[in-house]
Amino acid sequence: MIDSPRIFLALRAAERDIQYDATSLERLRALGELVLPADDSLPRIPLPSGLADDVDVLITSWSTAPIDPEQLHGSRLRLAAHTAGTIRGLFPPQVLAQGLRLVQGGSDPMAKAVAELAITMTLVLLRDVHGMDRRLQSSRDWKHGGVGRLTHSLDARRVGLVGLSRTGRHYARMARGLGVTSLAAYDPFVDPRDAESLGIEMLGLAELCERSEVLAIHAPVTDATRGMIDAGMIDRLGDGTIVINTARSAVIDMEALTAQLVSGRLRAGLDVFDVEPLPADSPLFGLENVLLTPHVAGGTVEARFQQGAGVVDEVEAFLGGRPLRSEVTLENYERLS
């Protein structure tokens with residue numbers, strides 16, 4: 001237990017307002033002294049020199065500047081709670097070795113939102129909603145729009161998941177809820193008995209690519225996953241396979257995938273790209289078999305406020321001496337997106 005803890009909310013006001021509603025802020029103030037940034041004009045909020053010596057809990061998000069481990073030497077800072085996605089660009093692993101406890105308090109609400117968009121893309125591509133809309137809007141012709149055209153049902157597809165991360169599990173549950181009975185996954189870190197309890201068959205990556213009619217990518221980028229879906233794996237995908245990527249583009253060979261999409265052999269729903277923003281001359285633009293969104297999968301109003309509430313839950317647990325639900329450790333640091 002920490003008496004009268006000081007909690008530094010290191011977010012710009014614009015970001016704080018979409019992640020921490022009045023209830024979450026009230027809960028934080030009930031836990032201790034809530035400290036806000038003195039200068040909100042900076043693009044990213046740093047941990048002011050000396051403040052780590054006077055703060056017990058640090059709350060971070062996208063608008064927080066990277067943490068320098070040197071600032072933490074001899075400090076009283078004991079917990080950092082991250083409201084956004086990946087922690088790797090913000091907290092180097094050295095801070096964990098120095099004894100700082102770290103949680104991704106906002107990760108599960110974001111994972112659910114990402115899975116929701118991935119499922120949406122899957123359904124839109126299977127039913128050709130985007131294609132029919134584009135043709136009907138541009139021609140205003142019922143026949144050209146696709147009247148009488150037959151598309152495909154999700155519940156009849158063989159669905160493969162690359163990565164049973166939080167997002168992958170949410171996607172699997174949503175797919176199950178929509179009637180999918182053929183679910184398989186590749187994830188070397190998952191116990192097959194755990195996957196079986198979710199109704200998911202574990203396969204090797206090559207076999208998963210060969211049998212999947214929908215391949216949804218939900219893996220983080222690590223040394224082991226970078227480029228693991230290479231040109232050879234992409235060649236294993238059957239004609240007409242749908243590739244969904246709302247995770248990280250570096251997991252798949254985007255050059256090889258783009259070539260297959262331009263040829264029309266595959267279809268894809270993509271939220272992440274090697275270069276962002278996507279260059280205006282990208283060959284992905286204008287393809288009827290491709291659905292594009294600008295890296296927005298995790299962004300819903302509800303998910304943002306749930307992220308803030310999740311961080312408050314973790315801060316409450318830490319100050320109350322209870323276990324943390326989403327703790328980052330040296331053992332799992334590299335596996336987290």
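## Burial and strand β7

A residue is called buried when its relative accessible area is under 20%, exposed when that value is over 50%, and partly exposed in between. By this criterion, in what is a predicted model, strand β7 is mostly covered, with four of its five residues buried. The strand spans residues 182–186.

## The seven-stranded sheet

Strand β7 belongs to an open sheet of seven strands, which are arranged in the order β8-β7-β6-β9-β10-β11-β12 and pair in parallel. At the edges of this sheet lie β8, formed by residues 201–202, and β12, formed by residues 290–292, each of which pairs on one side only.

On one side, β7 is joined to β8 by two bridges, with the two strands running parallel, and within this pairing Ala184 has Glu201 of β8 as its bridge partner. Strand β7 also pairs with β6, again in the parallel sense, over five bridges, and here Tyr186 of β7 stands opposite Val162. As a general point, the side chains of a regular strand alternate between the two faces of the sheet.

## Helices lying across the strands

Helix α7, which comprises residues 166–177, lies across β6 (158–162), β7 and β9 (214–217), and its direction makes an angle of about 170° with that of β6.

## A nonpolar surface patch

Which residues make the nonpolar surface patch of about 330 Å²? The patch is made by Leu136, Trp142 and Val147. Of these, Val147 is found in the loop between α6, residues 142–145, and β6. Val147 counts as exposed because its relative accessibility is 51%, the cut-off for that class being over 50%.

Asp54 is placed in the loop that runs between β2 (33–35) and β3 (57–60). Its relative accessibility is 34%, and therefore Asp54 counts as partly exposed.

When neighbours within four places in sequence are left aside, Asp54 is in contact with Arg6 and Arg76. The C-alpha atom of Asp54 is also separated by 9.3 Å from that of Pro5, although these two residues are 49 residues apart along the chain.

Notes. Residues numbered from 1 in each chain as written. Predicted model: local features only at pLDDT ≥ 70, side-chain atom pairs only at ≥ 80, totals over all residues. Heavy atoms only, no water. Pairing = 2+ DSSP bridges. Contact = heavy atoms within 4.5 Å. Axes fitted to C-alpha atoms, helices over the stretch in contact; angles between N-to-C directions. Patch = residues over 30% accessible without salt bridge, like charges linked within 9 Å, V, L, I, M, F, W, Y side chains within 5 Å. Areas by Shrake-Rupley, 256 points an atom, 1.4 Å probe, with all protein chains shown as cover. Salt bridge = Lys/Arg side-chain N within 4 Å of Asp/Glu carboxyl O. Buried < 20%, exposed > 50% of the residue type's maximum accessible area, 1.4 Å probe, protein only.
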